[in-house]
Amino acid sequence: MAWKPTDIADQSGRTFVITGANGGLGAETTKVLAGKGATVIMACRNASKAQPIADAIPGDVRVAALDLADLASVREFAAQQGEFDVLINNAGLMNIPFSRTADGFETQFGVNHLGHFALTGLLLDRVRDRVISLASIAHKQTPKLWIDDLNYENRRYQRNLAYAQAKLANLMFGRELQRRLTEAGSAKKSYAVHPGVSATDLFARTETPLDKVSKPFIKLIGHPPHKAAHSTLFAATEPDADPTVYWGPNRLMQSQGPVEACPSSKISRDPELLRRLWEESEQMTGISYKF
């Protein structure tokens, strides 16, 4: 029988930090967890816009400012956090025009991967249970990982490939973090998941004419946000979920369906690339992990 959110045990006494929780999958995840008794910290770039959303969700839901496009903000947020149970790296940008973060990173890679890499490294000693990283079926769309030019210094920017690279990095980070935790003898877990395809606001921020037409099309092939959040909720709450499995929907080319074990690209499983991406990420962010 397919897993469903009603299978989630009571989460009273547990605290979850969710990035980008003010809309889409993050808001859906927050609603379910708060409804199960958890304390949820919505880590959002614009706290004033997130607060009304938090106020409308019954339960212990709090808002904290976090801008993943600025490592100073990441450090400030991390410094304010005590111990908690689960970190859900949910926030993301998709197919946006070229720009750079406050620290000079290409924005999709900087926000989707490097911001979360830095955040996780700064918080790992306070995470009691597990880390969830949201990847995407789009990770298969890139033919390679440009490990020597992750920051688009020497190649033409293609927004779709930049997004694919960033989501590939999310998947690889989740896997390499789990490998390193295991190697260190830690009981903490790291999961990589994907939500399938869902008509969230990600599809309305590309600053192209597609913003007006993509959502109706996506609704036809994908599934609604509350179902797309199932893979995150499963990995965040299921005690015996295997952290070495890439969890997500597996029907209609992985665009929808119940949570299952999913295939991923050969690149995402390359041990040497996993190691090099980790080392490049440490160098770019200045964050070194301590296990």
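**View 1. Thr 30 sits in helix 1.** Helices are DSSP runs of H or I with at least four residues, numbered from the N terminus. This is a predicted model, where local features need pLDDT of at least 70, side-chain atom pairs count only at pLDDT 80 or more, and totals for chains, interfaces and linings use all residues. Residues are numbered from 1 along each chain as its sequence is written, and side-chain values use heavy atoms, with hydrogens and water left out. Thr 30 has 0% relative accessibility, so it counts as buried (under 20% relative accessible area, 1.4 Å probe, protein chains only). Beyond its neighbours within four places in sequence, Thr 30 contacts Ile 18, Ala 21, Val 40, Met 42, Ile 57 and Val 61. Contact means heavy atoms within 4.5 Å.

**View 2. Helix 1 (residues 24-35) crosses helix 8 (residues 230-237).** Their axes come within 9 Å and cross at roughly 45 degrees. That makes helix 1 oblique to helix 8. Axes are lines fitted to C-alpha atoms, for helices over the stretch in contact, with angles from 0 to 180 degrees between N-to-C directions. Angles under 35 degrees count as roughly parallel, over 145 as roughly antiparallel, 65 to 115 as roughly perpendicular, and the rest as oblique. Thr 29, Val 32 and Leu 33 of helix 1 meet Thr 232, Leu 233 and Thr 237 of helix 8. By class, this contact has three nonpolar, three polar and no charged residues. Ala, Val, Leu, Ile, Met, Phe, Trp, Tyr, Cys and Pro count as nonpolar, Asp, Glu, Lys and Arg as charged, and the others, Gly among them, as polar.

**View 3. Lys 167 lies in helix 5.** Lys 167 counts as buried because its relative accessibility is 5%. Leaving out residues up to four places away in sequence, Lys 167 touches Asn 112, Leu 134, Ala 135, Ser 136 and His 139. Cys 44 is 123 residues away along the chain, and its C-alpha atom is 19 Å from that of Lys 167.

**View 4. Helix 9 (residues 271-285) packs its buried residues against helix 3 (71-79), helix 4 (107-123) and helix 5 (159-183).** Those buried residues are Leu 273, Leu 274, Leu 277, Trp 278, Ser 281, Glu 282 and Thr 285.

**View 5. Helix 5 meets helix 9.** The axes come within 9 Å and cross at roughly 95 degrees. The two helices are therefore roughly perpendicular. Ala 169, Met 172, Phe 173, Arg 175, Glu 176, Leu 177 and Arg 180 of helix 5 meet Leu 273, Leu 274, Arg 275, Leu 277 and Trp 278 of helix 9. The contact divides into eight nonpolar, no polar and four charged residues.

Terms used:
Buried < 20%, exposed > 50% of the residue type's maximum accessible area, 1.4 Å probe, protein only. Expected span 1.5 Å × (residues − 1).
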